[in-house]
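Thanks for coming, everyone. I have one structure for you today. Please look at the screen.

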Amino acid sequence: MVRRTAEEVAQAKTAALAAKDTIIKLYVERQQSMHQIADAYHIHHTWLKKWFNAWGVTTGSQRSVQAPAQR
């Protein structure tokens, strides 16, 4: 595995976050798995899990985008 610099990692994270809507669509519509998306954006899949949680995207077999909880 090739080691990346902190700058390269930061750029990959920024690019993936900028593509939030596309990433969610690919995952929820089952066009790509979490690992495939992570590989395509050169990020670690655990970042996607954290982001999906923050974005209200359920993972696993129940893939969907949840509406924010009503207060």
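Where does Arg-30 lie? Arg-30 sits in the loop between helix 2 and helix 3, residues 34-40. Hold that thought while I cover the ground rules.

This is a predicted model, in which local features need pLDDT of at least 70, side-chain atom pairs count only at pLDDT 80 or more, and totals for chains, interfaces and linings use all residues. Residues are numbered from 1 along each chain as its sequence is written, and side-chain values use heavy atoms, with hydrogens and water left out.

Now the overview. The protein chain has four helices and two strands. Helices here are DSSP runs of H or I with at least four residues, strands are runs of E with at least two, and numbering starts at the N terminus. Reading from the N terminus, the order is α-α-α-α-β-β. The chain has 71 residues, and 25% of them are buried. Buried means under 20% relative accessible area, exposed means over 50%, and partly exposed is in between, with a 1.4 Å probe and protein chains only. The accessible surface of the chain is about 5,300 Å². Carbon and sulfur atoms hold 52% of that surface. Those areas come from the Shrake-Rupley method with a 1.4 Å probe; for residues, only the protein chains shown count as cover.

Next, contacts, meaning heavy atoms within 4.5 Å.

The arc is taken over the directions from the helix axis to the C-beta atoms. What covers these residues of helix 2?

Let's go to helix 4. Which residues of helix 4 are buried? They are Trp-47, Leu-48, Trp-51, Phe-52 and Trp-55. Down the axis of helix 4, these buried residues fall within an arc of 135 degrees, so they line one face. On the other side of helix 4, Lys-50, Asn-53 and Ala-54 are exposed. The buried residues of helix 4 pack against helix 1, helix 2, helix 3 and strand 1. After helix 4 comes Gly-56, with a positive phi near 80 degrees.

Now put the two helices together. Helix 2 (residues 20-28) packs with helix 4 at an angle of about 95 degrees, and their axes are 12 Å apart. That makes helix 2 roughly perpendicular to helix 4. From helix 2, the contact uses Lys-20, Ile-23, Ile-24 and Tyr-27. From helix 4, it uses Leu-48, Phe-52 and Trp-55. By class, that contact has six nonpolar, no polar and one charged residues.

A few terms there. Axes are lines fitted to C-alpha atoms, for helices over the stretch in contact, and angles run from 0 to 180 degrees between N-to-C directions. Under 35 degrees counts as roughly parallel, over 145 as roughly antiparallel, 65 to 115 as roughly perpendicular, and the rest as oblique. Nonpolar covers Ala, Val, Leu, Ile, Met, Phe, Trp, Tyr, Cys and Pro; charged covers Asp, Glu, Lys and Arg; the others, Gly among them, are polar.

Zoom in on Leu-48. It lies in helix 4, residues 45-55. Is Leu-48 buried or exposed? Leu-48 is buried, at a relative accessible area of 0%. Leaving aside neighbours within four places in sequence, Leu-48 contacts Ile-23, Met-34, Ile-37, Ala-38 and Ile-43. Leu-48 and Ile-37 are eleven residues apart in sequence, and 8.6 Å apart from C-alpha to C-alpha.

His-42 is in the loop between helix 3 and helix 4. It is not a glycine, yet its phi is positive, about 55 degrees. His-42 is exposed, at 54% relative accessible area. Arg-4, in the segment before helix 1, is partly exposed at 35%. Not counting residues up to four places away in sequence, Arg-4 touches Val-9, Ala-12 and His-42. Ala-19 lies in the loop between helix 1 and helix 2. At 14% relative accessibility, Ala-19 counts as buried.
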